[in-house]
Amino acid sequence: MAINNSPAINILHMGFRYPGGSGVIFSDLNLKVAKGERFGLFGPNGAGKTTLISLMTGLLAPDKGQIELFGHRIGRERNLVNNLFGFVPQDFSFYQELSPVENMEFFGAWSGLDKKTIRNRTDELLQILGLEEVRNKQVQKFSGGMKRRVNLAIGVIHEPEILFLDEPTVGVDVQTRHAIINYLLELNKNGTTLIYTSHQLSEAEGLCQQVALIDDGKIIAHNSLNELLKDYKEDSLEHLFLNLTGKDYRNDV
Ligand SMILES: Nc1ncnc2c1ncn2[C@@H]1O[C@H](COP(=O)(O)OP(=O)(O)OP(=O)(O)O)[C@@H](O)[C@H]1O
């Protein structure tokens, strides 16, 4: 069994730079996320959030140190780790010319699910995420909010133990935001660990118990949201964010 009592994520002395990139992104990063947490990673543009999620999901490989999911080392134990996590990326990751059902069939099979499980999960998820009526329509004709919900359905089809979400509600209306956040809270109630990043800080306050702020590749604060607000005498995540990361624009390339 791949699940055990190890942390959902354990990053140890991790270093990374993009090949040919202008500088080091991470030099000695350590981070632990417990199983069942709702963890939010926040920081200004270019701070390294997407890069860190790409490292945690094995899309990028660290230059030094290691990253473990439930005690299994990413890279070394790829086959064990692959089905443990789901990923909802910032950019849409489905086939636009296919319908939601066809996309779910494709990604479900890719995760190793049998046809009956794919059918059941598809029915369940399309119903929960309000896509039942359009289940057989081409996704490319969908609105941005509908596409976000398809992106989420695909990321959870295999019922992952841990779900990575890179700005899952960008550009959606209030109804879709509520549907997505409520669904994520429900998933977490049933045991799924959530790793979430967003610039929607008021939304994040309702979702995340644990918060890390990252700037210039360094974790500058990490604790429960309540403790951080108390420690820094701030009344919102947005004020805490400005307090710790300043008010300057970030234009790094
Ligand atoms: N493929 C790449 N090659 C070289 N450098 C990159 C690449 N992708 C990102 N970077 C650089 O790495 C740094 C971190 O970028 P990253 O996208 O991880 O930040 P982010 O916190 O997710 O930002 P945003 O909030 O804008 O999405 C930036 O300086 C960026 O320019």
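Ile162 has Thr193 in strand E8 as its bridge partner. Strands here are DSSP runs labelled E of at least two residues, helices are H or I runs of at least four, and both are numbered from the N terminus. Before going on: this is a predicted model, where local features need pLDDT of at least 70 and side-chain atom pairs count only at pLDDT 80 or more, while totals for chains, interfaces and linings use all residues. Residues are numbered from 1 along each chain as its sequence is written.

Back to the sheet. Strand E7, residues 162–166, and E8, residues 193–197, are paired in parallel over five bridges; two strands pair if DSSP finds at least two bridges between them. E7 also runs parallel to strand E6, residues 85–88, through four bridges, and there Phe87 sits opposite Phe164.

Is E7 buried or exposed? Five of its five residues are buried, so the strand is largely enclosed by the rest of the structure. Buried means 20 or more other C-beta atoms within 10 Å of the residue's own, exposed means 12 or fewer, and partly exposed is in between, with C-beta atoms placed from the backbone. On one face these are Ile162, Phe164 and Asp166, and on the other Leu163 and Leu165. In a regular strand, side chains alternate between the two faces of the sheet.

Next, the core. The largest nonpolar core has 62 residues, and Met56, Leu69, Ala153, Phe164 and Ile195 touch the most other members. Such a core is a set of buried Ala, Val, Leu, Ile, Met, Phe, Trp, Tyr and Cys residues joined through C-beta atoms within 7 Å. Helix H5, residues 144–156, supplies the largest share of this core, five residues. Leaving aside neighbours within four places in sequence, the contacts of Ile195 include Met56, Ile162 and Phe164; contact means C-beta atoms, placed from the backbone, within 7 Å.

There is also an open sheet of four strands, ordered E2-E1-E4-E5, with antiparallel pairing. E2 (24–33) and E5 (72–73) are at the edges with a single partner strand each, so one side of each has no neighbour in the sheet. E1, residues 9–17, pairs with E2 over six bridges, and Phe16 has Phe26 as its bridge partner.

Last, the ligand. Of the 13 residues around it, Tyr18, Asn45, Lys49, Thr50 and Thr51 come nearest, where near means a C-beta atom, placed from the backbone, within 6 Å. Helix H1, residues 49–56, gives the largest share of that shell, three residues.

Definitions and conventions. Two residues are in contact if their C-beta atoms, placed from the backbone, lie within 7 Å.
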